[in-house]
Amino acid sequence: PLAGIPGSLKDLTATKGVRTTRGSLLTADWVPDFDAPLAESLQRAGMVLLGKTNTPELGWKGDTSNRVVGSTHNPWRHGRTPGGSSGGASAAVVAGLGPLSQGTDGAGSIRIPAGLSGAFGFKPTWGSVPQYPASVVQTLSHAGPITRSVGDAVLMLAAMAGPDARDRASMPPEALSLDDIEGGIKGLRVAWSSDLGYAAVDPAVADKVAAAARRFEELGCTVEQAHPAAADPWRLVHIMWSTAFAAYFRDSIDQVREQLTSGLAAIVDEGMAFQGTDVAAAYIERNAYYEVWRAFLDSYDLLLTPTLPCTAFAAGDDHPGTIDGRETTYLGWTAFTYPVNLTGQPAASVPCGFVDGLPVGLQIIGGFRQDRTVLRAARAFEEMAPWAETRPRASGE
């Protein structure tokens with residue numbers, strides 16, 4: 001199905017005989033002797049591997065820069081980030097290097113670069129695409145496509161999805177074809193939230209995304225302002241992320257600290273300060289958090305939000321610094337994406353316009369295993385407001 005189509009794999013994904021740096025000085029020269037399951041699947045489907053795309057060290061932040069090869073830049077404006085941690089993937093697609101790129105997403109790392117770079121990114125239901133070796137943040141991490149169009153993403157996802165014994169959480173796939181995303185979304189119940197009740201958002205971004213959300217009425221949907229009655233879950237995400245990295249480096253941090261990105265080393269230190277009961281409590285609270293979202297999406301087919309609260313900031317920065325007057329943290333600024341990693345639900349980012357010449361994304365969220373509904377909605381929006389042929393000029397302006 002992908003015979004002869006050029007594509008790329010994120011540099012966290014193991015590829016047999018191909019250097020896989022993981023964005024880290026610690027593995028800068030690693031050449032695996034095996035392929036990750038999704039690499040095998042895409043090869044069987046005929047995709048031609050162009051190469052590996054850049055990632056921050058171990059995918060730890062929402063910008064794509066590391067000490068191995070430096071920073072990836074946004075194709076729309078040199079000096080700005082393409083997002084992360086799959087920023088190399090989104091930059092490759094938008095710059096025209098190849099129509100297919102693979103990303104991973106533990107707090108938004110498919111949707112963040114899709115939103116900041118003007119690509120289509122899809123995070124399928126957790127477990128849809130097998131991952132091996134397992135992510136450091138295994139129960140939060142998803143693998144999926146970053147492409148120019150929804151149809152391309154469907155073809156790529158259909159090739160990658162399915163169970164693999166190396167990932168015990170991987171699930172049998174739902175049948176997925178191009179026909180499954182056609183037919184429109186007339187009659188769907190759609191909720192729209194500009195801030196989920198807690199997120200800081202740049203006013204210009206909020207206005208652009210609100211206009212896109214209103215267009216779902218043109219597609220025959222009922223659109224209401226609503227969101228799950230849940231507080232910002234950033235504390236849970238931070239505990240899970242920081243303790244996961246702390247555990248990964250528990251026995252080696254003193255020996256490798258100088259080789260790590262300083263921001264990642266700081267997260268390891270923060271993770272070391274938590275106790276086991278803090279982690280266990282976070283997972284218990286996560287179950288309750290998912291139940292709020294599940295109950296909410298019993299009343300709606302989709303939830304629309306901004307993908308991100310801002311446009312692309314400076315390449316190499318760990319985060320935007322401030323958003324609408326509020327200070328930000330390494331992933332705390334991605335307040336619209338990480339909730340859906342906690343719940344494991346499918347979510348897509350679709351381009352919906354520009355603010356000051358930089359892309360803005362609309363996030364489409366569905367219920368558990370409602371991947372086809374999300375993809376069908378993305379396809380309907382794409383037909384109404386096409387983006388695939390809108391490309392940056394060679395100058396990068």
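**Basis.** I worked from a predicted model, in which local features need pLDDT of at least 70, side-chain atom pairs count only at pLDDT 80 or more, and totals for chains, interfaces and linings use all residues. Residues are numbered from 1 along each chain as its sequence is written, and side-chain values use heavy atoms, with hydrogens and water left out.

**Sheet.** I looked up the strand order and found ten strands in an open, mixed sheet, β2-β1-β5-β7-β6-β13-β14-β10-β8-β9. Strands here are DSSP E runs of at least two residues, helices are H or I runs of at least four, and both are numbered from the N terminus. Two strands pair if DSSP finds at least two bridges between them. At the edges I noted β2 (48-53) and β9 (222-225), each pairing on one side only. Neighbouring strands are turned by 25 degrees against each other on average, direction ignored; the axes are lines fitted to C-alpha atoms, for helices over the stretch in contact, and angles run from 0 to 180 degrees between N-to-C directions.

**Strand β1.** Five bridges pair β1 with β2 in the parallel sense, and Leu-9 has Lys-52 of β2 as its bridge partner. From β1 the chain passes through helix α1 (37-44) to β2 in a right-handed β-α-β crossover, that is, clockwise from the first strand over the helix to the second when the strands point away from the viewer.

**Strand β10 and helix α5.** Strands β10 (302-306) and β14 (358-366) run antiparallel and are joined by five bridges; I recorded Leu-304 with Ile-364 as bridge partners. Helix α5 (203-214) lies across β8, β9, β10, β13 and β14, at about 115 degrees to β13.

**Aromatic pairs.** My search of the whole structure gave 13 aromatic pairs, where rings of Phe, Tyr and Trp (its six-membered ring) pair if their centres lie within 6.5 Å; planes under 30 degrees apart count as stacked, over 60 as edge-to-face and the rest as tilted. Phe-313 and Trp-333 have ring centres 5.2 Å apart and planes at 90 degrees, so I classed the pair as edge-to-face. Phe-313 is buried at 8% relative accessibility, and Trp-333 is buried at 2%. I also noted a cluster of Trp-60, Trp-234, Tyr-330 and Tyr-338, linked by ring pairs.

Conventions: Contact = heavy atoms within 4.5 Å. Buried < 20%, exposed > 50% of the residue type's maximum accessible area, 1.4 Å probe, protein only.
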